[in-house]
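Here is a friendly walk through one protein chain, written to be read with the model open beside you. Please have the viewer ready and follow along.

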Amino acid sequence: MLSKTLGAAVQGIDAITVTIEVSIEWGSGFTIVGLPDTAVKESGERTRCAIIEAGFDFPRKNVVINMSPADIKKEGSAYDLPIAIGILASDEKVSTQLLDRYMIMGELGLDGSLRPIKGALPMAILARQLHLDGFILPRDNAMEAAIVNNLNVYGLDSLQQVIAFLNGQAQLQPTAVDTRAEFAKAQGQFPYDFSEVKGQENVKRAFEVACAGGHNILLIGSPGSGKSMMAKRLPSILPPLSLQEALETTKIHSVAGKLRRGTTLLTRRPFRSPHHTISPVALVGGGTYPTPGEISLAHNGVLFLDELPEFNRSVLEVMRQPLEDRLIHISRAKYAVEYPASFMLVASMNPCPCGYYGHPKKPCICTPHQRQQYLAKISGPLLDRIDLQIEVQPVAVDELASKQAGEPSAAIRARVVKARELQTQRFGATAGVHCNAQMTPSMIHQWAEPDAEGLRQLKHAIESMNMSARAYDRILKVARTIADLDGSPQVRAPHIMEAISYRSLDRSNYFSL
């Protein structure tokens, strides 16, 4: 007898339908075809033990399993459950009435228990698109999949429960999640706050500008000046995720298997901080079994690279294209995938090898050549893509000893949100553009043209500091953000001058001392 069950395979951050066809004939053997990987091939032993533990005999016949479409690689252990159900249906132990109305996915333990899988959210979205009645999967993934509206999601614990449900022997209630209530409940909860930061008002202002416009930022300062400490507080002043952004971000983490058990939507913007020993593949994604990299896990959030010059240069250079396109295309001999990578890059570095160039009290022991070599670890094209380059000076002892709290994150965030609302109105008709950092050259001419005095100041800065055309555009984008924070419809000279002041590494005399 031939039976068919519906599953799914994840490609990129989306899912495609996989039909598992099971045929049981006279003879002996167990064969899986349709480009299965090793984990799928090993499902034979897992399903055999699970079926026996569920109280059924494994058919002593020739079992042939085809996974269609046959030209797409099937990876992982999530096909255990649909394969087991297909075998039992072909052996007339499970009713076939509901098999074409439900998507079924899950890993099986030898005792028949269901274990969590990756990519449950994009699979649930596919099930809704196919107008299926529901999605049967492990209970640990039920909350994640249940955020998809208009789809019955059944989170179960064992193969026995799935068999009882399909045979009409058990009535189950679908998992229900009030997506908007869950989303609203977790907004505004952060472990760190800018009120704990003493001094550093210029850096706080730079962070405010960066968050208001989605700009990349580089912090340059001596050890202990507070670069990492302030960067960790950055999520507390970023604008909240929209529901669409939260869904997109959750899909990426679901595919990567990074969601905690029982998680519904990610309600805070991601903050990823990889170690400087990271490889290019781990940063951009890919691998033998393609998975999103750190730049995609930071999508709609922050990628923080501490001690930037310590990263391998080849690792940093692979970010150049994603920083412009906000997508990463990964092409290999056996696959080609595309992951979103619209992140805000935040990096920190020492000004020189010893770390004390420009320190008010500690002398620098590095030569000018050593300082230049240290900076040369970061290429000019990458620096060009960083909108704000800020010098961070050590905080004075009097400020550290002060008991007066700084401005809280909530107050800074309110100004950031107000500026983002202006940008949402401005770019509402343009798909894929949500903030000033994402403006195209034509949008810059339309929305960020400075007044006459501002244009004169900008031309003078570009010529005297020998800046690139990309730096010219980025200064205008930052100036547009500063004008938004100021509530000004026109980009004026003070906005241009502040934006130019955030280009520390473009100054020709930065390392001349």
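K334 is exposed, with a relative accessible area of 82%; exposed here means over 50% relative accessible area, buried means under 20%, and partly exposed is in between (1.4 Å probe, protein chains only). You will find K334 in the loop between β15 (327–331) and β16. Its C-alpha lies 32 Å from that of I24, and the two are 310 residues apart in sequence.

This is a predicted model, in which local features need pLDDT of at least 70 and side-chain atom pairs count only at pLDDT 80 or more, while totals for chains, interfaces and linings use all residues. Residues are numbered from 1 along each chain as its sequence is written, and side-chain values use heavy atoms, with hydrogens and water left out.

**The chain as a whole**

The chain has 22 helices and 18 strands. Helices (H or I, at least four residues) and strands (E, at least two) are DSSP runs, numbered from the N terminus. The C-alpha trace spans about 85 × 50 × 45 Å along its principal axes. Of the 513 residues in the chain, 53% are buried. Among contacts (heavy atoms within 4.5 Å) with a separation of 6 or more, 74% are between residues 24 or more positions apart.

**A five-stranded sheet**

In what order do the five strands of the open sheet run? The order is β11-β14-β17-β10-β18, and the pairing is parallel. Two strands count as paired if DSSP finds at least two bridges between them. In general, strands of a sheet pair through backbone hydrogen bonds, either parallel or antiparallel. At the edges are β11 and β18 (388–392), each of which pairs on one side only.

| Strand pair | Bridges | Example of residues across the pair |
|---|---|---|
| β11 (271–272) and β14 | two | F271 and V302 |
| β14 and β17 (344–349) | four | V302 and M344 |
| β17 and β10 | four | S348 and L219 |
| β10 (217–221) and β18 | five | L388 and I217 |

Is β10 enclosed or open to the outside? Five of the five residues of β10 are buried, so this strand is largely enclosed by the rest of the structure. I217, L219 and G221 point one way, L218 and I220 point the other way, and all are buried. In a regular strand the side chains alternate between the two faces of the sheet. Strand β14 (residues 302–305) is likewise covered on both faces, with V302 and F304 buried on one side and L303 and L305 buried on the other.

Most residues other than glycine have a negative phi, and most peptide bonds are trans. N300 is buried, with a relative accessible area of 11%. E307 is partly exposed, with a relative accessible area of 26%.

Elsewhere, the peptide bond from S68 to P69 is cis, with omega near 5°. P69 lies in the loop between β4 (62–68) and α3 (80–90).

**Nonpolar cores**

A nonpolar core is a set of buried Ala, Val, Leu, Ile, Met, Phe, Trp, Tyr and Cys residues joined through side-chain atoms within 4.5 Å. Which members of the largest nonpolar core touch the most other members? Of its 64 residues, they are I85 and L159. Leaving out residues up to four places away in sequence, I85 touches T5, V94, L99, I104, L159, V162, I163 and L166. Apart from this core lies another, of 49 residues, including I237, A419, L476 and I496.
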